[in-house]
Amino acid sequence: MPIALVDCNNFYVSCERVFNPKLEGVPVVVLSNNDGVAVARSAEVKALGIKMAEPWFKLEAIAKKHGIVALSSNYTLYGDMSARVMSTLANFSPRQEIYSIDECFLDLNGFPPESLMGYGQKIRQTVRQNIGIPVCVGIADTKTLAKLANHCAKKRYAGRDGVCDFGRFNVEVKIKIFSKIPVGDVWGVGRKITEKLMSMNINTVEDLRTANPDNIRSQFSVVLWRTQQELNGTACIELEDAEIPRQQIMVSRSFGMAVTAIEDLSESVAYFATTAAGKLRQDGSVASSISVFIRTSQFKDEEYYEQSLVVPLPDPTDDTTTLVKTALSGLMKIYRSGFSYKKSGVMLMGLQPKGSVQPTLFDDTDAQEKSDNLMHVIDAINQKMGKGSLTIAASGLRHGWSMRRENKSPNYTTEWDELPVVR
């Protein structure tokens with residue numbers, strides 16, 4: 001069964017270039033929260049040898065020398081652009097598995113084998129024309145091989161114009177290709193597994209593909225054995241039709257400046273709980289407990305303090321007011337004065353579908369209906385008018401503690417005031 005893996009090229013950078021064409025051909029990095037480290041690099045930056053997660057303060061000299069443009073991360077923009085890409089790709093297959101923000105699998109079962117290269121090019125051209133994002137397409141009979149084919153398309157090992165279809169190659173050609181690719185480039189083979197494989201003289205994809213399967217299973221796990229089977233064309237990893245429900249929702253941030261006052265810390269926790277509650281309702285879930293944590297900086301010559309607390313909820317809920325009150329009650333139990341806090345966050349746990357909650361004789365149905373109606377109004381207004389247009393007062397308005405984002409681009413696609421203007 002042919003499967004396509006469609007992956008956006010340098011996704012965060014590509015999103016920025018859609019609305020700022022002057023960045024085309026220019027070395028660009030996108031920085032993490034508080035403009036800390038590089039989380040995305042353009043091809044021009046990669047060519048300079050700059051690694052992922054390189055701290056920005058170490059790059060400023062080389063950035064000045066080579067004209068590197070540094071942008072703060074704009075996750076609102078990237079999330080919306082991802083949704084547009086995935087919606088476009090859904091038109092190319094009856095079955096789609098969204099694997100991450102910038103890649104998805106497409107089921108191409110039933111397509112004539114000789115048409116797949118052309119179909120891959122059509123996918124690339126359509127996404128580029130409709131959204132402005134460049135993508136590469138890898139096509140093969142298993143998900144692991146499709147990921148590898150996509151890797152080849154990007155690295156130009158065997159692809160043509162951003163598309164690689166392993167089905168076009170005979171065994172000899174594939175052996176030649178696989179012998180050039182390091183084993184660490186295989187989907188799911190991490191650094192520690194790579195080191196162990198190399199100690200066994202398994203250095204390339206071809207080495208792993210042809211290794212004794214009994215040895216692989218005994219020395220590692222069934223997961224790597226399945227990977228090996230997939231490299232040999234036997235599908236062991238199914239295409240997921242639906243996204244697996246989240247088991248927990250975490251919202252946290254490092255502060256742009258140290259926070260000492262309980263008022264500021266409370267505001268941040270309330271804001272994170274509000275954001276988490278919105279995500280919970282988007283998933284159609286309710287939470288059974290909430291965890292709150294706070295911590296100081298590990299990199300300052302001060303006493304380090306970190307504490308967390310899990311607070312059970314009387315009943316599973318998605319109500320923002322209940323979650324905020326519970327989170328703040330937990331914060332008051334773990335807060336200690338005299339510290340400069342650098343980060344806080346909340347985690348919703350014990351998630352379950354809202355419709356699966358069993359009611360009891362003692363439930364206040366009127367109160368539940370009022371809560372549902374209020375949450376529906378809040379979500380509808382925020383969806384129409386923009387995130388945070390209507391929120392809980394405890395989450396504040398000014399957010400002096402918010403992270404540094406000195407070079408953030410506008411939210412071109414989600415905020416009316418920041419829509420791009422054509423002159």
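User: What does I123 touch, not counting residues up to four places away in sequence?

Analyst: In this predicted model, I123 touches V6, L89, F92, L106 and V137. Each of these counts as a contact because heavy atoms lie within 4.5 Å.

User: What makes the set around I123 a nonpolar core?

Analyst: A nonpolar core is made of buried residues of types such as Ile, Leu and Phe, joined through side-chain atoms within 4.5 Å. The largest one here has 34 residues, and F11, L89, L106, I123 and I133 have the most contacts inside it. Several elements each supply at least two residues: β1 (3-8), α1, β2, α4 (75-89), β6 (103-107), α5 (116-130) and β7 (135-140). The largest share, six residues, comes from α4. In general, nonpolar side chains of soluble globular proteins tend to be buried together.

User: Where does another core lie?

Analyst: Apart from that one there is a core of 32 residues, with I249, F272, I290 and L348 among them.

User: How do you know that I249 is buried?

Analyst: Compare the value with the cut-off: buried means under 20% relative accessible area, and I249 has 1%, so I249 is buried. I249 belongs to strand β9 (residues 249-259). Leaving aside neighbours within four places in sequence, I249 is in contact with A276, K279, L280, D283, V346, M347, L348 and L351.

User: Why is α1 called mostly covered?

Analyst: Seven of the nine residues in α1 are buried, namely F11, Y12, V13, S14, C15, E16 and R17. These buried residues pack against β1, β2, β3, α2 (43-47), β4 and α4.

User: Which strands of the sheet does helix α1 touch?

Analyst: Helix α1 (residues 11-19) packs on the sheet by touching β2, β3 and β4, and the direction of α1 makes about 110° with that of β2.

User: What is the order of the strands in that open sheet, and why is its pairing called mixed?

Analyst: The three strands have the order β3-β2-β4. Strand β2 (residues 28-31) runs parallel to β4, joined by four bridges, while β2 and β3 pair in the antiparallel sense over three bridges. Two strands count as paired if there are at least two bridges between them, so both pairs qualify.

User: What makes β3 and β4 edge strands?

Analyst: β3 (38-41) and β4 (69-72) each have a single partner strand, so one side of each is left without a neighbour in the sheet. On average, neighbouring strands of this sheet are turned by 30° against each other, direction ignored.

User: What lies between β2 and β3 in their hairpin?

Analyst: Six residues lie between β2 and β3, and N34 in the turn has a positive phi of about 60°.

User: How do helices α12 and α13 cross?

Analyst: The axes of α12 (residues 262-282) and α13 (residues 320-334) come within 9 Å and cross at roughly 140°. The crossing is right-handed. Residues making the contact include V269, A273 and A277 of α12 and L323, A327 and L331 of α13.

User: What classes of residue make up the contact of α12 with α13?

Analyst: By class, this contact has 13 nonpolar, three polar and one charged residues.

Note on methods. Residues are numbered from 1 along each chain as its sequence is written. This is a predicted model: local features need pLDDT of at least 70, side-chain atom pairs count only at pLDDT 80 or more; totals for chains, interfaces and linings use all residues. Side-chain values use heavy atoms; hydrogens and water are left out. Axes are lines fitted to C-alpha atoms, for helices over the stretch in contact, and angles run from 0 to 180 degrees between N-to-C directions. Buried means under 20% relative accessible area, exposed over 50%, partly exposed in between (1.4 Å probe, protein chains only). A crossing is left-handed if the near helix is turned anticlockwise from the far one by less than a right angle, and right-handed if clockwise. Ala, Val, Leu, Ile, Met, Phe, Trp, Tyr, Cys and Pro count as nonpolar, Asp, Glu, Lys and Arg as charged, and the others, Gly among them, as polar.
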